Amino acid sequence: MKPETIVKPRNNIVKAENRVPVYVLPLIKALIFALDAVLTVFSFVVAFKWREGEAILSNTAWAWSKEFVPYVGILFFAVPCRLAMLAYQRVYRFHGAFSYTNEAIKIFKAVSISSLLIVAWAFLFRGGFAFREFSYSRAVFLFDFALALIIFTVFHLSLRAVQTFFRRRDINLIPTLIVGTNAEAGQTLNELKLRPDLGYRVVGIVESEPAKPSPGVRTIQNQIVGDLDDLPALIRELEIQEVIITDDKIPSERFFEIMLEIGRRQRVEFRFAPSLFNVLPQKTSVEQIGVLPMVRLFREPLSDIERFIKRASDIFISAVALIVLSPVLFLIALLVKFDSRGAVLFKQERVGMDGRIFLCYKFRTMKAGAGEEIHREAYRKNIKGATEANAGNDENPIFGKVKNDPRITRIGKFLRRTSLDELPQFINVLKGDMSVVGVRPPIPYEVEDYDVRHRKRLDMKPGITGLWQVSGRNRLAFEEMVRIDLYYIENWSLWLDLKIILLTLPAILRGDGAR
């Protein structure tokens with residue numbers, strides 16, 4: 001057997017200490033499991049009480065009431081059934097990244113499937129031989145489903161909010177190594193450090209090849225703990241649980257050897273983070289021409305029916321938003337007017353689908369008469385990928401913005417930080433110039449510097465929010481933003497739009513607009 005190699009990590013990086021004892025998380029999981037059982041009983045009992053209006057327990061003895069006795073066998077099945085479905089949907093998995101949207105979907109699936117199984121059990125089992133002629137109330141099962149869906153959704157989303165609270169205090173994080181010294185490694189490092197709620201603690205970076213100096217990898221140098229040959233020993237020494245690979249040039253055979261050397265007992269999970277350009281679009285089809293297999297890529301971003309659905313949803317969402325948010329719009333208008341002289345709305349030319357120019361509406365956040373030369377120069381540097389395009393720093397990059405912009409008003413800083421300055425764009429959506437979800441709306445002088453590949457972004461209407469918004473917004477360099485926009489265009493679906501809309505509010509609450 002090959003002896004284990006002991007490697008001392010570079011840059012004096014040491015193993016991350018556990019903030020809580022190892023038995024705490026299993027204990028919490030067991031407690032949550034028990035509470036879910038209690039909630040299952042509670043929802044079923046309340047549903048029965050609500051529909052039948054009868055007592056659950058007997059008034060004369062310590063036993064079930066005669067009205068509830070036929071339902072007891074159903075209840076004893078409902079508890080393990082619902083718990084099993086929750087476990088099957090991995091609701092009790094508290095390691096790694098999670099999404100509130102995905103969590104709600106998991107709860108919906110678990111409650112729906114378990115409710116169907118409970119109904120099937122009720123009408124097949126019939127409460128046992130003694131109640132074979134008994135007729136169960138369908139309303140009880142319907143009320144149980146609705147009540148359980150509400151209770152379990154609120155309970156488990158609240159648990160995730162508590163989990164996020166502790167993660168921001170360096171608890172419940174997975175010790176992670178990043179393999180690669182490319183720009184993707186730098187971006188992955190920044191994202192995981194800026195977002196502790198994702199559940200990862202980056203211990204260090206494993207060098208795949210000498211890092212080339214560039215804005216995206218400058219912070220990597222002091223995080224390097226070793227090279228690829230050291231990876232098995234580093235995993236054991238630093239007690240790593242997850243390895244994220246960002247360099248696609250490393251031979252797969254090399255990783256197979258590393259996995260064999262690590263062994264199963266380490267329980268390490270490997271993830272591959274490819275560049276978005278390496279991801280095949282969903283809208284493809286495999287065809288055969290003679291004996292040759294061919295992959296046909298999509299030609300149009302959306303079909304006619306998809307355009308109709310997207311436009312109908314845009315009109316509905318923007319109309320409802322303008323009506324519901326009208327008091328907020330009025331208040332912001334007053335604040336802008338009293339804060340500094342000038343118009344309430346700022347109208348700026350933007351480039352829409354197929355290169356059409358339109359006026360984009362925003363609440364004014366700059367002083368009246370402020371020129372755009374500063375921003376024009378900043379964005380030209382951003383498109384070229386110049387080092388000085390970063391208005392932040394290496395750990396908190398900000399691209400496409402002017403550093404310490406003197407043109408911004410006092411209320412403008414708040415509006416930009418909260419993205420409230422963009423609410424008037426719902427008017428653009430109603431007019432048909434924009435969509436609720438789409439690509440980032442470019443400025444004409446920005447498009448002048450586009451190459452052919454960048455102009456592919458003009459195949460779809462710009463949006464108030466988009467995949468770029470929920471993927472980092474101003475933390476993304478121009479090329480990465482283009483990749484994300486192209487990925488959205490190639491993989492559009494109504495479901496993707498809905499997910500982006502649901503993820504936009506957390507992005508706003510994180511203050512991504514201020515970066």
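**Close-up views of a predicted model**

**View 1. A nonpolar surface patch brings together F316, I317, V320, I323, V324 and I501.** The patch covers about 550 Å². Patches here gather residues with over 30% relative accessible area and no salt bridge, joining like charges within 9 Å and nonpolar side chains (Val, Leu, Ile, Met, Phe, Trp, Tyr) within 5 Å; a salt bridge is a side-chain nitrogen of Lys or Arg within 4 Å of a carboxyl oxygen of Asp or Glu. Accessible areas follow the Shrake-Rupley method with a 1.4 Å probe, and for residues only the protein chains shown count as cover. Helix α8 (residues 304-324) gives the largest share, five residues, while I501 sits in helix α16 (residues 494-509). Helices (H or I, at least four residues) and strands (E, at least two) are DSSP runs numbered from the N terminus. I501 counts as partly exposed because its relative accessibility is 32%; buried means under 20%, exposed over 50%, and partly exposed in between (1.4 Å probe, protein chains only).

A note before we go inside: this is a predicted model, in which local features need pLDDT of at least 70 and side-chain atom pairs count only at pLDDT 80 or more, while totals for chains, interfaces and linings use all residues. Residues are numbered from 1 along each chain as its sequence is written, and side-chain values use heavy atoms, leaving out hydrogens and water.

**View 2. F363, Y488 and I500 touch the most other members of the largest nonpolar core, which has 36 residues.** Helix α15 (residues 478-490) supplies the largest share of this core, seven residues. Such a core is a set of buried Ala, Val, Leu, Ile, Met, Phe, Trp, Tyr and Cys residues joined through side-chain atoms within 4.5 Å. Another core, of 33 residues, lies apart from it and includes L39, A47, Y71 and L86.

**View 3. I500 meets V437, T465, G466, L467, V470 and Y488.** Residues up to four places away in sequence are not counted, and contact means heavy atoms within 4.5 Å.

View 4. Among the buried residues of α1 are I32, D36, L39, F44 and F48, and their cover includes α2 (69-88) and α4 (138-167). After α1 comes G53, with a positive phi near 70 degrees.
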